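Keep the sequence and the coordinates at hand while reading.

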Amino acid sequence: MLIGLDCAAPQLVFDRWLDRLPAIRSLTEKSAFGILRSCDPPITVPAWSVMMSSHDPGALGIYGFRNRKDRSYDQLGIADSRAVRVPRVWDVLSEAGRDVIVLGVPGTYPPPRVNGALVSCFLTPDPKTSTYTHPPELKDEIERTVGEYQVDVRDFRTDDKERLLDQVTEMTNTRFRLAEHLLDTRPWDFFAMVEMGTDRMHHGFWRYMDREHRLYEPGNRFENAIRDYYVLVDQLIGRLLTRADDDTAVLVVSDHGAKRMDGAICINEWLRREGYLTLTREPDEAERLTPDLIDWERTKAWGDGGYYARLFLNVEGREPKGVIPSAEYEQVRDELIRGLETLGDEDGRPIGTRVYRPQDLYAEANGIPPDLLVYFGDLNWRSAGTVGGGAVHLRENDTGPDDANHAHEGMYILRADGVAGGRAEERRIQDVAPTILELLGVPPPAGMKGSSIAGAGADRGYSQEEEELVAQRLEDLGYL
């Protein structure tokens, strides 16, 4: 049984609120738990597919929700289930004849065929009109069971916090109710669900909780909104765990963590200021950068907005109107890295930006990778993709209210036979898929990059009693 909580933050679960989360606390008392280091970039798409395939984003060729289809300037594609060209856990298990239930795992729309039941994710265009289940008739059963099914909240970047809180709560209750129904009505060897509400709550309410957030106000009405939501989720997890007997291995995981957002860097305004990007006209106000707005014959680089920046170079012979000679490609990348990593806040104070070449992160980079990946302020600042207005620094998000960015530190809890309990070593997100397959006795396909947490947990060291026995034996043998 895998319970995924998108963006769940280990500093909140393990260090701050564990006493308020009895179901999770009871798991940690007899489970290995710790930090699950996310992929690069640490964002929902591609992170869940990385977790379920044990391949990194470079191997998958998925660097965000939308990716360049080719070297043209205007062809972008959404990374849906068809973009994942390697087997994920449910594919391997289905091939082995195991019964699976998959609910809400990002990267599952359109719904792939499985040996069991699959309900796809928040990338579903409209659950009223889209086929979002396998088998297709499961959709009617869902509507009879829980009514209108929410794949996501509408417009979570909003100032209407009451509406957002109500929507997230309703969505979460509905998804867990559906999870209980599927567990009770179908055979399963492997069950996996992902709840998106944790992510939406962090983005919508982090400022109200975090005393270090620049917009925090003591005693505000939403100060406990995130905490109370975690309490609700813990209660719902407790109900799911009644379906998992002592022989059932349980994993609770998040794809990445969360941290406060201090502001945004307008990557394209900075590129304009430094002479790398030229527009065909001056915008009257800030607007989204589109290909028709760029003077390509005078542009060396452009960037995308998001939780991190993807920066692309306009290379001669590679892009249609490339201007950077291939011999100068590395020189331009080096210049950009130096400039971006020394870019401070509005007052010039360092913010700790980190810039990576794809080859710094991936053994292979399939598809059309960015030429540089930029984590502004080590992800305390996001990337704003708009142009116009002249400002490089923003203190408000350019796509609507947003309080939090993503952190590399996700979480894992693993309860399984042979796995010693207690806080354990940091693991990688790629380790989850091999863990699941090992627990079910199914050989992993070639190419998986992770190693089983269960195997590591079983061999993670001596208990105090075991250590004393071994020490006595070594002393008897004359080694001590």
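The model is predicted.

Ser54 belongs to the loop between α3 (44–53) and α4 (57–60), and although not a glycine, Ser54 has a positive phi of about 65°. With a relative accessible area of 0%, Ser54 is buried. As background, most residues other than glycine have a negative phi, and most peptide bonds are trans.

Tyr109 and Pro110 are joined by a cis peptide bond with omega of about -5°, and Pro110 is placed in the loop between β5 (100–103) and β6. A cis peptide bond also links His134 to Pro135, with omega of about -5°. Pro135 lies in the loop between β7 and α6 (138–146).

The loop between β6 (116–119) and β7 (133–134) holds Thr124. Thr124 is buried at 3% relative accessibility. Apart from residues up to four places away in sequence, Thr124 touches Tyr109, Ser130, Tyr132 and Val151; Tyr109 is the residue whose bond to Pro110 is cis. The side chains of Thr124 and Ser120 also make a polar contact of 3.0 Å.

Two packed helices are described by the angle between their axes and the distance between the axes. Helix α7 (residues 161–185) packs against helix α8 (residues 197–209) at an angle of about 155°, and their axes are 10 Å apart. Because angles over 145 degrees count as roughly antiparallel, α7 is roughly antiparallel to α8. The crossing of α7 past α8 is left-handed. On the α7 side the contact is made by Lys161, Leu164, Leu165, Val168, Met171 and Thr172, and on the α8 side by Gly197, Arg200, Met201, Gly204, Phe205 and Tyr208. Sorted by class, the contact of α7 with α8 has seven nonpolar, three polar and two charged residues.

The pairing of α7 with helix α9 (residues 225–241) has an angle of about 10°, again with axes 10 Å apart. These two helices are therefore roughly parallel to each other. From α7, Val168, Thr169, Thr172, Asn173, Phe176, Ala179, Glu180 and Leu183 meet Tyr229, Leu232, Val233, Leu236, Ile237, Arg239 and Leu240 of α9. This contact of α7 with α9 divides into ten nonpolar, three polar and two charged residues.

The contact of α8 with α9 comprises eight nonpolar, three polar and no charged residues.

Two further residues have contacts to trace. Tyr356 lies in strand β15 (residues 354–356) and is buried, with a relative accessible area of 17%. Leaving out neighbours within four places in sequence, Tyr356 contacts Leu361, Asp371, Leu372, Leu373 and Tyr375. The side chains of Tyr356 and Arg354 are joined by a polar contact of 2.5 Å.

Ser31, in the loop between α2 (22–28) and β2 (32–37), is buried with a relative accessible area of 0%. Beyond its neighbours within four places in sequence, Ser31 is in contact with Ile413, Leu414, Arg415, Ala420, Gly421 and Gly422. A polar atom of the Ser31 side chain lies 2.5 Å from the backbone oxygen of Leu27.

The walk ends at helix α13 (residues 432–439), which is mostly covered, with six of its eight residues buried. The buried residues in α13 are Val432, Ala433, Pro434, Thr435, Ile436 and Leu437. Just after α13, Gly441 takes a positive phi of about 70°.

Notes. Residues numbered from 1 in each chain as written. Predicted model: local features only at pLDDT ≥ 70, side-chain atom pairs only at ≥ 80, totals over all residues. Heavy atoms only, no water. Axes fitted to C-alpha atoms, helices over the stretch in contact; angles between N-to-C directions. Helix = DSSP H or I, 4+ residues; strand = E, 2+ residues; numbered from the N terminus. Parallel < 35°, antiparallel > 145°, perpendicular 65-115°, else oblique. Left-handed = near helix turned anticlockwise from the far one by under 90°. Contact = heavy atoms within 4.5 Å. Nonpolar A, V, L, I, M, F, W, Y, C, P; charged D, E, K, R; others polar. Buried < 20%, exposed > 50% of the residue type's maximum accessible area, 1.4 Å probe, protein only. Polar contact = N/O pair within 3.5 Å; in protein donor to acceptor, adjacent residues only side chain to side chain.
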